[in-house]
Amino acid sequence: MQRRKMAPPLTPSLTLLLFQLLSTLPFTTLALHFHHVNLHDLTTGDRPPDATPQSHHPNPHKLSLDLLHRDSLPGRNHSTLHHRLIRDSHRVSFLLRRLGAAASGYHPDDFGSDVVSGLDEGSGEYFVRIGVGSPPKEQFVVIDSGSDIVWVQCQPCTQCYAQSDPVFDPADSASFAGIFCNSPICDIAGTGAGSASCGGSGRCLYEVSYGDGSYTKGTLALETLTFGATAVRNVAIGCGHRNHGLFTGAAGLLGLGWGPMSFVGQLGGQVGGAFSYCLVSRGSGSTGSLVFGRTSAVPVGAVWVPLLRNPRAPSFYYVGLSGLGVGGVRLPLGEELFQLNEEGDGGVVMDTGTAVTRLPGEAYEALRDAFAEGAVGLPRGAGVSIFDTCYDLGGYESVRVPTVSFYFSGGTILTLPAQNLLIPVDESGRFCFAFAPSSSGMSIFGNIQQEGIQITLDSANGFVGFGPTTC
């Protein structure tokens with residue numbers, strides 16, 4: 001039995017809801033069953049690696065930031081597909097380990113993600129630049145919708161990895177204030193977001209260990225974070241003095257998960273529990289955006305889909321998916337393939353850290369076969385890594401491929417932009433279908449498929465919104 005669609009936030013009227021669902025093109029229509037994909041838009045070789053990204057000049061009166069893909073950062077070389085897929089594999093493994101640890105009652109990594117950075121060979125796909133402390137010290141941090149911590153390396157560094165910017169020194173900040181053991185924040189960190197203990201000075205200590213041997217240890221503190229022209233005071237952050245592992249390059253992480261220790265969770269009513277992001281394609285030379293606050297982040301005319309909560313992974317944003325479609329035709333798949341069950345297994349997670357969308361084997365095979373049938377005129381190529389459906393498109397400027405759509409619970413349909421279906425895998429013009437089978441029953445809605453869509457996560461009301469146009 002399908003769930004009845006709830007009224008989206010800000011539009012309690014059922015009449016307005018129905019109007020939204022009927023008027024938000026192209027995401028709720030399958031009138032166009034095929035896309036014409038400009039292959040030049042998908043390639044990255046034409047832009048010099050150190051080209052300066054084009055900024056969209058965020059409004060200084062809004063809590064907003066430029067959002068950079070790691071390959072758009074000035075002075076950094078493009079990462080290869082091989083490295084990108086290794087990072088992706090690490091990320092998927094982490095998500096599965098995290099769920100497995102939750103099932104066993106062990107929670108070593110609920111305070112963060114082992115995929116937290118990536119200016120060099122580390123992990124992490126999308127970055128923002130924020131100011132830490134007073135006066136603010138600029139730092140690159142990774143955004144992560146699956147983590148509940150705002151975390152940076154701190155002096156004194158007993159053990160620190162190499163990062164792009166100077167390591168933050170709390171002694172230089174007039175707003176740094178350590179959190180004491182008797183603080184409710186320390187209680188939250190100890191029970192719901194990681195391991196916390198009491199130091200000899202009465203300060204709240206945190207320690208996070210990850211399955212691959214990476215870890216961060218330090219103190220919890222209140223600090224001022226600056227986003228463009230806007231300063232946000234008294235944000236609880238982890239100040240890491242001993243850090244090791246896959247944290248190469250960036251200063252730390254901006255957690256945007258659904259838990260109380262995330263940046264959004266801490267702001268609460270100040271931003272209405274909502275933020276919006278638009279991810280840009282790698283090598284595009286442009287920047288995306290990350291915007292906080294209900295007034296600024298919630299687009300008019302968005303399609304709203306209820307979020308689901310998994311008690312085993314309360315930081316993750318799950319969305320109710322009931323089916324898939326190709327070329328305007330819904331595939332004959334049972335809804336149970338995508339359902340989150342009472343034990344917390346299965347379901348569909350929206351994740352900014354995973355690149356390639358993962359689907360259960362049966363669903364992936366049906367999607368792949370239907371797409372290949374619709375693209376029957378394109379010359380097939382050899383598979384690469386996790387991709388088994390590839391095409392040799394050297395010499396082509398554009399191709400015609402069938403649409404791919406997500407059918408959400410309640411009847412909403414999201415048709416992906418044309419650029420989100422194929423990914424270039426070499427210099428000879430080979431492109432692959434940018435989906436892969438999952439090693440478990442859990443599906444992951446990855447960032448390649450999210451690119452170019454204004455996505456709003458309204459954690460306060462439990463909805464995800466897809467903007468009416470690409471961004």
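Author: Start with a cut-off: a residue counts as buried when its relative accessible area is under 20%, as exposed when over 50%, and as partly exposed in between. The model is a predicted one. A disulfide here is a pair of cysteine sulfur atoms within 2.5 Å. By that rule there are four disulfides. Three of them are described below.

Take Cys390 and Cys432. Their sulfur atoms lie 2.0 Å apart. The S-S torsion is about 100°, so this disulfide is right-handed. Cys390 belongs to strand S21 (residues 390-392) and Cys432 to strand S26 (residues 430-433), so the bond ties together parts 42 residues apart in sequence. Cys390 has 0% relative accessibility and therefore counts as buried. Cys432 is buried too, with a relative accessible area of 0%.

Next, Cys154 and Cys239. The sulfur atoms of this disulfide are 2.0 Å apart. The torsion about the S-S bond is about -125°, so the disulfide is left-handed. This pair links distant parts of the chain, 85 residues apart. Cys154 sits in the loop between strand S5 (150-153) and strand S6 (177-178). Cys239 is in strand S10 (residues 230-244). Both Cys154 and Cys239 are buried.

Now Cys157 and Cys160. They form a disulfide with an S to S distance of 1.8 Å. The torsion is about -70°, which makes it left-handed. Cys157 has 27% relative accessibility, so it counts as partly exposed. Cys160, at 28%, is also partly exposed.

Now the wider chain. It has seven helices and 30 strands. Of its 471 residues, 58% count as buried. Among contacts with a separation of 6 or more, 71% are between residues 24 or more positions apart. The chain exposes about 18,100 Å², and carbon and sulfur atoms supply 54% of that.

In soluble globular proteins, nonpolar side chains tend to be buried together. The largest nonpolar core here has 77 residues; Phe435 and Phe466 are among those touching the most other members. Helix H6 gives the most to this core, with six residues. Leaving aside neighbours within four places in sequence, Phe466 contacts residues including Ala302, Met350, Phe408 and Ile455.

H6 (residues 361-374) lies across strands S16 (321-326) and S23, at about 20° to S16. S16 and S23 belong to an open, antiparallel sheet in the order S17-S16-S23-S24. S17 (329-330) and S24 (413-415) are at the edges with a single partner strand each, so one side of each has no neighbour in the sheet.

Definitions and conventions: Residues are numbered from 1 along each chain as its sequence is written. This is a predicted model: local features need pLDDT of at least 70, side-chain atom pairs count only at pLDDT 80 or more; totals for chains, interfaces and linings use all residues. Side-chain values use heavy atoms; hydrogens and water are left out. Two strands pair if DSSP finds at least two bridges between them. Helices (H or I, at least four residues) and strands (E, at least two) are DSSP runs, numbered from the N terminus. Contact means heavy atoms within 4.5 Å. Axes are lines fitted to C-alpha atoms, for helices over the stretch in contact, and angles run from 0 to 180 degrees between N-to-C directions. Buried means under 20% relative accessible area, exposed over 50%, partly exposed in between (1.4 Å probe, protein chains only). Accessible areas come from the Shrake-Rupley method with a 1.4 Å probe; for residues, only the protein chains shown count as cover. A nonpolar core is a set of buried Ala, Val, Leu, Ile, Met, Phe, Trp, Tyr and Cys residues joined through side-chain atoms within 4.5 Å.
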